[in-house]
Amino acid sequence: MVDPVIFRQRFPLLAAGLSEAGMAAFIGTLEERPIAAGEALVREGTASDSLHLVWDGELEVSVAAGSASIHAGSFGPGATLGEVSFFDHQPASATVVAAHPARVLVLSSARLEQLQSQHPLEATEVLCAVARVLATRVRTSSDRLDAALRAETAAARLGEGALLDSLRALLGS
Amino acid sequence: MMDVAFLRSLVALRTLDATELEALAHAFTPVEVPAGHVFIREGTRGNTVYLIETGDVAVTRERLGAVEELNHLGPGALFGLVAAVDDELRSATCHAASPVRAGAIDRPTYRALMQTYPRIAFAVQRLVAAQLAADFRNLDRRLRSALRPRDA
């Protein structure tokens, strides 16, 4: 059972626009999913249309680069994952694996529609919060692309190994 | 006001009824500009969001004197979202790559509309999130392409 007080502490952005009743309704739309250590929550390139809120544990995100797998970050309680596929219903852009036993709260598109029909203001607040996460992702990606285009020029002079090193550096591993 | 029939043609707004579409059309100020017009300049403040009705908009950044095109948007696309959502400086420059007809909406107008019409708010907010997801995908593709090891 998800405690609303702890939810507010872990997901302040999501909780900011929700009243007590709205919070209860929102929590009611979430499904709790335990993930064993080493288990994949999402695999890059596969269908995914749910938003994942990390409740506890730690999840590792990686992306494929040719035959290599590049570590793109670790995410713990309070992180949201899957927001891109949640809105465009395209395959996942990264693989997410639990480093330690973890629990995530899953919001499906269908559940958000249900919330909208009964609590339209709360459902919109949830969308606004997820849009802020997406805006941050767009800013970060723009910066990485800038850096990549600069690194590409440098790497072209240094050879292929430098390209992979550039990717690792950009993705923060 | 924007063209109601155009708004009705957008998939994300298909849940709205005639009254709601009319209200949304009124909230947008129509803008018609020639090719080359700069809607938004990177690094400046602003919270106006634009919805393209006809024409193309190029999204660019200038780095070390070179202009890089990050995205190229057409009818039905929104731009100016990032700063409108996170209230930071504009993250890129957006200019008309052809003659453009668009609708403009600023944050106070958008907030007022959201409070009066919750169903419009949900539909538009989903459109906003979907556009940001598309923007992310585009950047992700560009990033992977820029970093893909090439044959020697």
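Biologist: How are α4(B) and α5(B) oriented relative to each other: parallel, antiparallel, perpendicular or oblique?

Modeller: Two packed helices are described by the angle between their axes and the distance between the axes. In this predicted model, helix α4 (residues 107–116) of chain B packs on α5(B) at an angle of about 125 degrees, and the axes are 5 Å apart. The two helices are therefore oblique to each other.

Biologist: Which residues of α4(B) and α5(B) meet?

Modeller: From α4(B) come Tyr110(B), Leu113(B), Met114(B) and Thr116(B). They meet Pro118(B), Ile120(B), Ala121(B), Val124(B) and Gln125(B) of α5(B). By class, this contact of α4(B) with α5(B) has seven nonpolar residues, two polar and no charged.

Biologist: What is the angle between α2(B) and α5(B)?

Modeller: Helix α2 (residues 18–27) of chain B packs on α5(B) at about 65 degrees, with 10 Å between the axes. Angles of 65 to 115 degrees count as roughly perpendicular, and α2(B) and α5(B) are therefore placed in that class. Their crossing is right-handed. In the contact, Glu20(B), Ala23(B) and Leu24(B) of α2(B) meet Arg119(B), Ile120(B) and Val124(B) of α5(B). The residues of this contact divide into four nonpolar, no polar and two charged.

Biologist: Helix α5(B) also packs across the chain boundary, against α5(A). At what angle do the axes of these helices cross?

Modeller: Helix α5 (residues 109–118) of chain A and helix α5 (residues 118–147) of chain B have axes that come within 10 Å and cross at roughly 155 degrees. The helices are therefore roughly antiparallel to each other. The crossing of α5(A) with α5(B) is right-handed. On the α5(A) side the contact is made by Leu112(A), Glu113(A) and Gln116(A), and on the α5(B) side by Arg119(B), Phe122(B) and Arg126(B). Counted by class, the residues are two nonpolar, one polar and three charged.

Biologist: How many residues of chain A and chain B are in contact, taking the chains whole? And what area is buried between them?

Modeller: The size of an interface is often given as the accessible area lost when the parts come together. Between chain A and chain B about 3,600 Å² is buried, and carbon and sulfur atoms give 66% of it. Val138(A), Arg139(A) and Leu145(A) supply 18% of the area that chain A buries against chain B, more than any other three residues. As for contacts, 42 residues of chain A touch 40 residues of chain B.

Biologist: How many salt bridges are there between chain A and chain B, and how many over all chains?

Modeller: Side chains of opposite charge can pair when their charged atoms come close. The count between chain A and chain B is six. One salt bridge joins Arg61(B) to Asp143(A), at 3.1 Å from N to O. Over all chains, the whole structure has 17 salt bridges.

Biologist: What does the salt bridge of Arg111(A) with Glu31(A) tie together?

Modeller: The side chains of Arg111(A) and Glu31(A) meet at 3.9 Å, N to O. Arg111(A) lies in helix α5 of chain A and Glu31(A) in strand β1 (residues 31–35) of chain A, so the pair links parts that are 80 residues apart in sequence.

Biologist: Now the backbone. What is the phi of His89(A), and what is that of Asp87(B)?

Modeller: His89(A) has a positive phi of about 55 degrees, although it is not a glycine. It is found in the loop between α4 (83–88) and β7 (95–98) of chain A. For Asp87(B), also not a glycine, phi is near 65 degrees. Asp87(B) sits in the loop between α3 (81–86) and β7 (93–96) of chain B.

Methods
Residues numbered from 1 in each chain as written. Chains lettered and ligands numbered in written order. Predicted model: local features only at pLDDT ≥ 70, side-chain atom pairs only at ≥ 80, totals over all residues. Heavy atoms only, no water. Axes fitted to C-alpha atoms, helices over the stretch in contact; angles between N-to-C directions. Helix = DSSP H or I, 4+ residues; strand = E, 2+ residues; numbered from the N terminus. Parallel < 35°, antiparallel > 145°, perpendicular 65-115°, else oblique. Left-handed = near helix turned anticlockwise from the far one by under 90°. Contact = heavy atoms within 4.5 Å. Nonpolar A, V, L, I, M, F, W, Y, C, P; charged D, E, K, R; others polar. Buried area = accessible area lost by both parts, 1.4 Å probe. Salt bridge = Lys/Arg side-chain N within 4 Å of Asp/Glu carboxyl O.
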